Amino acid sequence: MLRINIDACNGCGLCEQTCAVDAIHVVDGIAEIEQESCTGCGGCVDVCEPAALFMEGQELEEKNNALAEWSGIWIYAECRNGELAPVSLELLGEGRRLADIRETKLSAVLFTDETSNLTAQLISHGADTVYLVENPIFGNFYEDANAAVLTDLARRYKPETILAGATAIGRSFIPRVAASLRTGLTADCTCLGIQENGDLLQSRPAFGGNVMAAVLCSGTRPQMATVHPMVMKPLETDPDRKGEVVKVDVEESLFDTKIRVNNFVPLESEGVALNEADIVVAGGRGLENEEGFKLVEELAEVLGGAVAASRAAVDSGWISATRMVGQTGQTVRPRIYIACGISGAIQHTVGMQSAETIIAINRDPDAPVFDIATYGVVGDAFEVLPRLIEKLKQMKA
Ligand code: FAD
């Protein structure tokens, strides 16, 4: 059906002169359409210089055609010191699941400073194709160069979806890519799904964690999301899996950077590393003070586990922020997670809910943490923890 955008119409009358069936008349400087007479030939649309006339449905069709040019799922394969970051393999596992539902290809994008066996690793973990860009600049992380190269590749190969880790690296440069491509980005996703038409369902905590929002970006491509590390599961490695490696040449100027790295200082971490620990003992505001928090450290020591904390404990200054678990902190997936005096706010649980076994100790029987706990102890941490520590010490003796 012929439609008019009256704000754009300049009343020139060309449409009126062109119409063979006398279905358009300019009245008070605006073209008016007689729908009963219009045959929908589109002749007036062709002559309308300000593009005020259009056929309804045509715009939508053009948009759908433009979206259909984008296909396949990409993951950004993050590397640190020549090794793939664990989140890259997790993204491949999730990307494989989504690509199979969508019956499309899964590709990994790898930026590296040397030919390495990383491409084989990516293929054995689920990638059909690896787009490889090699340049000495990728020996370090430069967000402007990474953003420029990924933007260029996305424009050339048109993936429907790009996933990256919600790590310090992903968080720093992926928004630049989304802005350059004029598309949306959902940060810190904890769950992904895909619809039949390829629309990506991107779930993440919103409004201070009080709701889980499912975000859609149906009007533009590519769809872009960063995903929390340790939330998705990697696939078992399959050394017989076959895939294609595409070496991509990019314009030299894209490697230009405004950043100069003077020095790298490794983060000092005390005790067992959180993301590698089999057992994690976490303490929250319920421990009341630094002295109370020591019970958590003691239990972790007896169990050979790592110490973690809620934001409340970190904000109270009882432990370093590097030990915080949750939305703003780290995500962990240990075999056992013991939450002591932690209420179970969503911002905390998104960081530990994938633990195999969750044991919660809380004196409030209605604390939300019990909703996700495998075992719950309703009791005072100051009574339960010393007895537990004592018992474990006796068992070890
Ligand atoms: P509280 O919620 O105060 O809970 C203390 C619990 O201890 C209560 O359930 C109480 O019943 C129990 N208790 C008290 N005394 C005892 C006792 N003697 N024995 C046993 N139990 C006892 N939080 C995080 O942890 N990680 C994050 O990454 C994070 N990111 C955030 C991001 C945003 C944008 C926002 C808005 C918040 C974020 N938070 C985060 C904060 C989060 O919302 C909660 O405020 C925080 O997790 C609460 O910490 P808590 O459970 O230790 O304290």
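User: Is C189 buried or exposed?
Analyst: This is a predicted model, where local features need pLDDT of at least 70, side-chain atom pairs count only at pLDDT 80 or more, and totals for chains, interfaces and linings use all residues. Residues are numbered from 1 along each chain as its sequence is written, and side-chain values use heavy atoms, leaving out hydrogens and water. Here, buried means under 20% relative accessible area, exposed means over 50%, and partly exposed lies in between (1.4 Å probe, protein chains only). Because C189 has a relative accessible area of 0%, this residue is buried.

User: Which residues is C189 in contact with, leaving aside its neighbours within four places in sequence?
Analyst: Let's begin with the term: contact means heavy atoms within 4.5 Å. Leaving out those sequence neighbours, the partners of C189 are Q202, S203, R204, A225, T226, V227 and H228.

User: What is the place of D188?
Analyst: Helices (H or I, at least four residues) and strands (E, at least two) are DSSP runs, numbered from the N terminus. C189 is in strand β11, which covers residues 185-189. D188 is also placed in strand β11.

User: Is T119 buried or exposed?
Analyst: T119 sits in helix α5, residues 118-124. Not counting residues up to four places away in sequence, T119 touches L110, V130, L132 and V245. Because its relative accessibility is 14%, T119 counts as buried.

User: Is N81 buried or exposed?
Analyst: N81 is not a glycine, yet it has a positive phi of about 50 degrees. You can find N81 in the loop between β6 (79-80) and β7 (83-84). Because its relative accessible area is 81%, N81 is exposed.

User: What is the relative accessible area of A51?
Analyst: A51, a residue other than glycine, has a positive phi, near 55 degrees. Its place is the loop between α2 (43-47) and β4 (53-55). A51 counts as exposed because its relative accessible area is 53%.

User: Which residue does a cis peptide bond join to R221?
Analyst: Look in the loop between β14 (211-215) and β15 (223-227). There, with omega about 0 degrees, the cis peptide bond links R221 to P222.

User: How far is a nitrogen atom of the ligand from an N or O atom in the side chain of D380?
Analyst: Start with the backbone: a backbone N or O atom of G341 lies 3.1 Å from an oxygen atom of the ligand. A polar backbone atom of R363 is 3.2 Å from a ligand nitrogen atom. For the side chain of D380, the distance from its N or O atom to a ligand nitrogen atom is 3.0 Å.

How values were computed:
A polar contact is a pair of N or O atoms within 3.5 Å; within protein, one must be able to donate a hydrogen and the other to accept it, and residues adjacent in sequence count only if both atoms are side-chain atoms.
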